[in-house]
Amino acid sequence: MTEPLRVVVVGCGNMGRAHAQAYAALPEFTLCGLVSRGTSKHQLNALLPEPVPCYEDLKIAISDARPDAVCIATWPDSHETLALTALAAGCHVFIEKPLATTVTGAKRLVATSQLAGKKLVVGYILRHHPAWQQFITRAKNLGKPLVMRMNLNQQSSGSAWQTHRQLMASLSPIVDCGVHYLDVMCQMTDAEPVSVSAIGARLSDEISTSQYNYGQLQVRFSDGSVGWYEAGWGPMMSQTAFFIKDVIGPRGSVSIVAREAGGEGQSASVEAHTRTESLRVHASLLNEQGEFTRQDEWIDTGDEPDHDALCVRQQQFFARAIGENLNLLPHLQQAIDSLAVVLAADRAMREQRTVWLNGDRHQE
């Protein structure tokens, strides 16, 4: 039997906790260390079945614990530096999205992982959700072009608003969350993004004057498909229509209808963000009288893993990628592509113009 992979988790907030508990529960891994600058590592350690060593610095953790892999779940502006440190030490890396805060940095990480012969997996949690994958499959059957409408606005207060303010020290909401949904759109269309426009607004004096906490991007694809994604964070955000996941094509539409996760008081719930509950499939076909020939189909999503269960599935994929030497280049190129689009959207908002991606696709 193959020996379990020794893994250190860097960053002990919500995502670090979920991943650390996944490692502790899976036979494929041995959790051998937690790293954070504050007290969060000790709080997380108390939740684990067995305590593990705690460290202030990743280099010290690597030297002492000698891990085979490192999980990075820190603020986005530290991702690249920490991943390069882990790869230089000969470790495989699981890294939360986004891969880096620049496309150049993302490309550097991918190239470094390839040169080191180590696996680099990006935490695109929706890729491991069976209902979201069914949503994508159904969208591909609607014909072309597609119209994709998605948002995730979060009415946050207390610790959630504090977290959002800290995130905005690195990235805007349409960049941080947008990589997930641009990845979904790219899977649905299998087409190249062509151009991006965006709007945004700063709605709070508690964030930097150079940052905005509400944004919406509009993207055009080479097959004629179009999509928008909207994200807003803060105590002022409305909870009306904050959860829209909808795709329209010539043959009809498919929508995620999450009655509970999309209900009152759920906008800031991390647990609700991956929920689907049901898919509504609509066919556009009319008879000679101009009437619909079939009723809408409702698909209840039986396999509905919660947030922590999805983290377990992500780590099982990470172990399989290492153990079976999976080719991750398509996964990594898609991570670069989705990051390039949302960063272009951020630039489009700030410069109040459309950014064309052809020929300039992976430039900030």
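**Strands, sheets and helices**

Modeller: Let me begin with strand 10 (residues 214-221) and strand 11, which run antiparallel and are joined by 7 bridges. Helices (H or I, at least four residues) and strands (E, at least two) are DSSP runs numbered from the N terminus, and two strands pair if DSSP finds at least two bridges between them. Keep in mind that this is a predicted model, where local features need pLDDT of at least 70, side-chain atom pairs count only at pLDDT 80 or more, and totals for chains, interfaces and linings use all residues. Residues are numbered from 1 along each chain as its sequence is written, and side-chain values use heavy atoms, with hydrogens and water left out.

Colleague: Okay! Which residue is the bridge partner of Y214 in strand 11?

Modeller: That's G232. In the hairpin of these two strands, 4 residues sit between them, and G224 has a positive phi near 95 degrees.

Colleague: And in which sense does strand 7 pair with strand 11?

Modeller: Parallel, with 5 bridges between strand 7 (residues 147-152) and strand 11; N151, for example, has E230 as its bridge partner. Strand 8 (residues 154-155) also pairs with strand 11 in the parallel sense, over 2 bridges, and there Q155 is opposite G234.

Colleague: How many residues of strand 11 are buried?

Modeller: 7 of the 9 in strand 11 (residues 226-234), so the strand is largely enclosed by the rest of the structure. Buried means under 20% relative accessible area, exposed over 50%, and partly exposed in between, using a 1.4 Å probe and protein chains only.

Colleague: Switching topic: what order do the strands of the open sheet have?

Modeller: The order is 3-2-1-4-5-6, 6 strands with parallel pairing. Strand 3 (54-55) and strand 6 (120-123) are the edge strands, each pairing on one side only. Strand 5 (residues 92-96) is linked to strand 6 by 4 parallel bridges, with F94 opposite V121.

Colleague: Now the helices. At what angle do helix 5 and helix 11 cross?

Modeller: Roughly 170 degrees, and the axes of helix 5 (residues 103-116) and helix 11 (residues 329-351) come within 9 Å. The two are therefore roughly antiparallel. Axes are lines fitted to C-alpha atoms, for helices over the stretch in contact, and angles run from 0 to 180 degrees between N-to-C directions; under 35 counts as roughly parallel, over 145 as roughly antiparallel, 65 to 115 as roughly perpendicular and the rest as oblique.

Colleague: Which residues in helix 5 and helix 11 meet?

Modeller: Among them are V103, A106 and V110 from helix 5, with L332, I336 and L343 from helix 11.

Colleague: Last one, the overall picture: how many helices and strands does the protein have?

Modeller: 11 helices and 16 strands. Buried residues are 54% of the 364 in the protein, and the C-alpha atoms fill a box of roughly 75 × 50 × 40 Å along the principal axes.

Methods
Contact means heavy atoms within 4.5 Å.
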